[in-house]
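Good morning, everyone. Please have a look at the sequence and the structure before I start.

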Amino acid sequence: MIKRLAVFCGAKPGNDPDFMNMAQSFGADMVKRGIDLVYGGGQFGLMGEVANAVADNGGKVYGVITDQLDERGATLTSLHRLEVVPDMDTRKRRMMELADGIVAFPGGLGTLEEVSEAASWITLGNNKKPVVIYNYKGFYDPLINLLDEMHNQGFLEEQFKAAVHFSDNIDDLLQFMNSYHAPHHRVYHN
């Protein structure tokens, strides 16, 4: 059962105001379902919006931010708990440790890198937690096509492709997560 959800997302709002509205609605829905937020600790963009929505609706928000970003003033201070860590690798690892599942909202290179690492760790057996890419307004359709191409060209096995779920609906997302069984790690043969 998902009780804490790590959300990887952009520190920018994007050009379409619907993305900020989506983050706000998603955060409110999390609280209604008794799910706490684990996120990157920032106050800006989709990050700040989802965190404020969870907090404003009475939920708990766990932030994990780097020293560097904290020193630059990126931190949202009104959190249930904040951890300041030395680097991005520690931040990602800690977020995954604290959460029961991982969701990636629309975002930039950082968001793509975070969710790619969580997904690639499934192949290694280092991440047993479900990964969902929140495909709001078809934002991640090109990534779906890329994963299909990776599979078609023999670089990505079906079980690992299927282990990363795409959804734009919180009910579907939670159903996938709550019934998720991590595939066995990749095996190599000579």
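**Starting at Glu157**

Leaving aside neighbours within four places in sequence, Glu157 is in contact with His151 and Arg186. Contact here means heavy atoms within 4.5 Å. A word on the source: this is a predicted model, where local features need pLDDT of at least 70, side-chain atom pairs count only at pLDDT 80 or more, and totals for chains, interfaces and linings use all residues. Residues are numbered from 1 along each chain as its sequence is written, and side-chain values use heavy atoms, with hydrogens and water left out.

Back to Glu157. Its place is the loop between H6 and helix H7 (158-162). Helices (H or I, at least four residues) and strands (E, at least two) are DSSP runs, numbered from the N terminus. Glu157 is partly exposed, at a relative accessible area of 27%. On that scale, buried is under 20%, exposed is over 50%, and partly exposed is in between, with a 1.4 Å probe and protein chains only.

Now to helix H1. Asp18 lies there. Asp18 is partly exposed, at 30%. Which residues does Asp18 touch, not counting those up to four places away in sequence? Tyr136 and Lys137. From Asp18 to Lys137 is 119 residues in sequence, yet 9.1 Å in space, C-alpha to C-alpha.

Lys137 sits in the loop between S6 and H6. Lys137 is partly exposed, at 47%. Its phi is positive, about 55°, although Lys137 is not a glycine. Most residues other than glycine have a negative phi.

Next, the aromatic rings. The whole structure holds seven aromatic pairs. Rings of Phe, Tyr and Trp (its six-membered ring) pair if their centres lie within 6.5 Å; planes under 30 degrees apart are stacked, over 60 edge-to-face, the rest tilted. One of the pairs is Phe19 with Tyr136, edge-to-face, 5.6 Å centre to centre and 70° between the planes. Phe19 lies in helix H1 and Tyr136 in the loop between strand S6 (131-134) and helix H6 (141-152), so the pair ties together parts 117 residues apart in sequence. Phe19 and Tyr136 are both buried.

Phe26 and Phe105 have ring centres 4.9 Å apart and planes at 85°, so this pair is edge-to-face. It links distant parts of the chain: Phe26 is in helix H1, Phe105 in the loop between strand S5 (101-104) and helix H5 (109-124), 79 residues apart. Both are buried. There is also one aromatic cluster, formed by Phe19, Tyr136, Phe139 and Tyr140.

Where does Phe105 stand in the largest nonpolar core? Leu37 and Phe105 have the most contacts inside that core of 56 residues. Such a core is a set of buried Ala, Val, Leu, Ile, Met, Phe, Trp, Tyr and Cys residues joined through side-chain atoms within 4.5 Å. Not counting residues up to four places away in sequence, Phe105 touches a list including Met22, Ala23, Phe26, Leu46 and Val50.

Last, a helix contact. Residues of H1, including Phe19, Ala23 and Gly27, meet residues of H2, including Leu46, Val50 and Ala53. This contact divides into 10 nonpolar, three polar and one charged residue. Ala, Val, Leu, Ile, Met, Phe, Trp, Tyr, Cys and Pro count as nonpolar, Asp, Glu, Lys and Arg as charged, and the others, Gly among them, as polar. Thank you.
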